[in-house]
Amino acid sequence: MQVCIIGTGYVGLVTGTCLAELGHDVVCVDSDKSKIDRLLAGEMPIYEPGLKELVRSNIQGKRLRFSPEVAEGAKLRATFYFIAVGTPSNGADGGADLSYVYSAAEDAARAIKLLGNPFSIFVTKSTVPVGTSREIARIVGRHLPDDTFAVASNPEFMREGCAIEDFLAPDRIVVGSNSERARALLEELYRPLTRQGRPLVVTTTVETAEIIKYASNTFLATKITFINELARLCERIGADVEELALGMGLDKRIGDKFLNAGPGFGGSCFPKDIAALIKTAKDFHSPVEIVETVSRVNSRHQQMMLEKVREAFGGTLESKKVAVLGLAFKARTDDVRDSPALALVSALRKDGARIFAYDPEASENARKILGDDSIEYSNSVADAVRECDGAVIVTEWDEFRRASWANLAATMSNPLLVDLRNMFTLQDAQSWGISYVSLGRDPILKRTV
Ligand code: NAD
């Protein structure tokens, strides 16, 4: 089947590449010409494990191409126009900025009008508030006759860092459309994945599909916030949050995922999606108070992480050399949008610390936001921690797990590791001869700073 992807970012590039891998004929379009130029030159604009190889093999197989012009989709006579552009917070009332979505729909409709197509489906892959697909139908309807197009919502649940695996082996595929024809065609598009009866395709209305995505993300954020709050309580009552999570997670009704205490959720999706759901709920006079609380508690938790680091460094960060390990909002990505690590670095800097930051993939993106003032970007864990007054793990990269902490400790001015991801057991940390401060567990204090 012929597919046009509009917006070739994390979601669009993975979606387009994976649909090509399933045998479809795909053109990925982006209004950022430099991004398309890089792709045409064989370079990856983002880091996502396995993506480079998959892009290359599908280009060679002539199933995948790139263009700055949406007209390429119309030339291909694409049945599907997947809208995968950004939907950031509008910065005013927490609502989603839908201008990119609407202009993508408008551009595609104009191109189809010019070049003709018997039937086109405008599919939102972007996370969009309830009502957006209907507005898209209105916009497209200004250009195309009603019987030549349909709209559908097909929200994306992939996780950065394992996006290909998630796309090719999803838990579920949600297809929302009020058009039978569009639903049937989308089911056909995904047939290579669903042939064995799994994953299940949840077919529903556009409104329900749109809200499923927000409900899923806010539920996951709630789970994270819950365990973070419990971690802080564990510290007060002398309990161990890792054992608590194990004891809870083995209950199948609860499940063990997203019960990892950490520095608070961030990233390109959760904060903005939560804000957008709160806004939608207010608009419809049906407030989501649990979600509002989650947002507030998460902000407070991030604040408390700074206090935790400050305390671990002896109450002040003035002139301290602090190694910050991890800048991406999570491991296996170079994405730093709303990363808790960036917020922490900014706060540490304000407190007078000198930062030695290391991330295996995200340093370049972080530098664009943080600049170079009071920060050195190191090339390895060893470089970052050498002669520092302590290290703080913010992102759970495997590389940090594999590091030889006993050896690294010997190179530090003060062997202190603040682990905001609980990457290690207390037994391991004990054996390294290091002060080790983690979340929801007793600290190991070797000597005072
Ligand atoms: P992104 O910023 O990486 O990519 C968006 C791309 O769209 C950019 O390359 C931008 O240049 C392009 N674009 C903007 N307007 C355009 C237009 N009119 N025509 C063509 N291209 C245009 O964003 P992303 O992380 O891929 O997210 C896209 C959407 O998917 C968002 O709504 C997000 O919430 C949702 N989502 C993201 C993830 C994730 O893990 N990143 C997961 C699920 C859903």
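View 1. An oxygen atom of the ligand lies 2.6 Å from a polar side-chain atom of Lys 35, a polar contact being a pair of N or O atoms within 3.5 Å. A nitrogen atom of the ligand is 2.7 Å from an N or O atom in the side chain of Glu 160, and a nitrogen atom of the ligand is 3.2 Å from a polar backbone atom of Ser 31. The protein buries 89% of the 830 Å² that the ligand exposes when taken alone (accessible areas by the Shrake-Rupley method with a 1.4 Å probe). The model is predicted, with local features needing pLDDT of at least 70 and side-chain atom pairs counting only at pLDDT 80 or more, while totals for chains, interfaces and linings use all residues. Residues are numbered from 1 along each chain as its sequence is written, and side-chain values use heavy atoms, with hydrogens and water left out.

**View 2. The shell around the ligand.** Of the 26 residues around the ligand (a heavy atom within 4 Å), those that come nearest are Asp 30, Lys 35, Thr 87, Glu 160 and Lys 272. Domain 1 (2–204) and domain 2 (214–296) each contribute at least three residues to this shell, the bounds coming from an automatic or database domain assignment.

**View 3. An open parallel sheet of six strands.** The strands, which are DSSP runs (E) of at least two residues numbered from the N terminus, follow the order E11-E10-E9-E12-E13-E14, and two strands pair if DSSP finds at least two bridges between them. Strand E11 (375–377) and strand E14 (435–437) are the edge strands, each pairing on one side only.

Conventions. Polar contact = N/O pair within 3.5 Å; in protein donor to acceptor, adjacent residues only side chain to side chain. Helix = DSSP H or I, 4+ residues; strand = E, 2+ residues; numbered from the N terminus.
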